[in-house]
Amino acid sequence: PGPLGRIAPSQEHWLDIRRAAEVARISGSLEIGQGAISCAGLILAVEAQEGTDRMLARIPDLQLEIRGMPEAPRGVLVKRPKPQQERRIDLPTIGVATVRGAIAVEAGAALVVDRAEVASAADELGLFIYGFTPAEIA
């Protein structure tokens with residue numbers, strides 16, 4: 001639980017973490033996907049069978065006013081297991097390639113590939129990766 005790296009979410013980010021976590025929970029319960037992106041309370045994308053990288057690739061096509069820019073990033077990507085998912089063998093996974101936007105994952109319910117490298121990449125980009133607990137998003 002908590003930040004992976006030096007940067008933690010701001011109060012503004014918590015609105016998006018909670019919003020995207022709820023959407024990811026609902027879409028996961030319907031076997032749609034494990035991720036969602038929220039910016040200022042607006043859901044920008046929901047992951048489906050295309051996976052996280054392709055979901056993220058759709059964001060630059062959105063209007064700048066709702067998605068932010070690389071020099072002024074906004075929004076949060078949340079990944080979490082589907083409610084019915086087998087957690088012993090199949091967890092959401094993030095790595096350096098996922099660190100394209102601020103990300104939050106459910107603590108204890110995600111795999112981080114090359115943890116130190118992921119934390120370093122997030123720090124260099126000025127982004128946070130945060131392991132939230134269920135109590136934090138309630």
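The model is predicted. Its largest nonpolar core holds 18 residues, and another core, of 14 residues, lies apart from that one.

**Nonpolar cores**

- Within the largest nonpolar core, the residues that touch the most other members are Ile37, Leu77, Val99, Ile103 and Ile129.
- Two or more residues of this core come from each of strand E2 (35–39), strand E3 (42–46), helix H2 (52–58), strand E8 and helix H4 (115–125).
- Helix H4 gives the largest share of this core, three residues.
- Beyond its neighbours within four places in sequence, Leu77 is in contact with Ala36, Ile37, Thr52, Met55, Leu56, Thr98, Ala102, Ile103 and Ala104.
- The other core, which is separate, has 14 residues, among them Ala21, Ala24, Val78 and Tyr130.

- Because Trp14 lies in helix H1 (residues 11–29) and Tyr130 in strand E10, the pair ties together parts that are 116 residues apart in sequence.
- Both Trp14 and Tyr130 are buried.

**Helix H4**

- The buried residues of H4 are Val118, Ala119, Ala121, Ala122 and Asp123.
- These buried residues of H4 pack against strands E9 and E10.
- After H4 comes Gly126, which has a positive phi, near 75°.

**The second largest pocket**

- The lining of the second largest pocket consists of 15 residues, and those nearest its centre are Pro1, Val105, Val112, Arg115 and Gly131.
- At least two lining residues are supplied by each of strand E1 (2–3), strand E8 (103–106), strand E9 (111–112) and strand E10 (129–132).
- Strand E10 provides the largest share of this lining, three residues.
- By type, the lining residues of this pocket comprise 10 nonpolar, three polar and two charged.

Terms used:
Residues numbered from 1 in each chain as written. Predicted model: local features only at pLDDT ≥ 70, side-chain atom pairs only at ≥ 80, totals over all residues. Heavy atoms only, no water. 1 Å grid on protein atoms, 1.4 Å probe; cavity = no way out; pocket = protein on both sides within 12 Å on 5 of 7 lines; lining within 4 Å. Helix = DSSP H or I, 4+ residues; strand = E, 2+ residues; numbered from the N terminus. Nonpolar A, V, L, I, M, F, W, Y, C, P; charged D, E, K, R; others polar. Core = buried A, V, L, I, M, F, W, Y, C linked by side-chain atoms within 4.5 Å. Buried < 20%, exposed > 50% of the residue type's maximum accessible area, 1.4 Å probe, protein only. Contact = heavy atoms within 4.5 Å.
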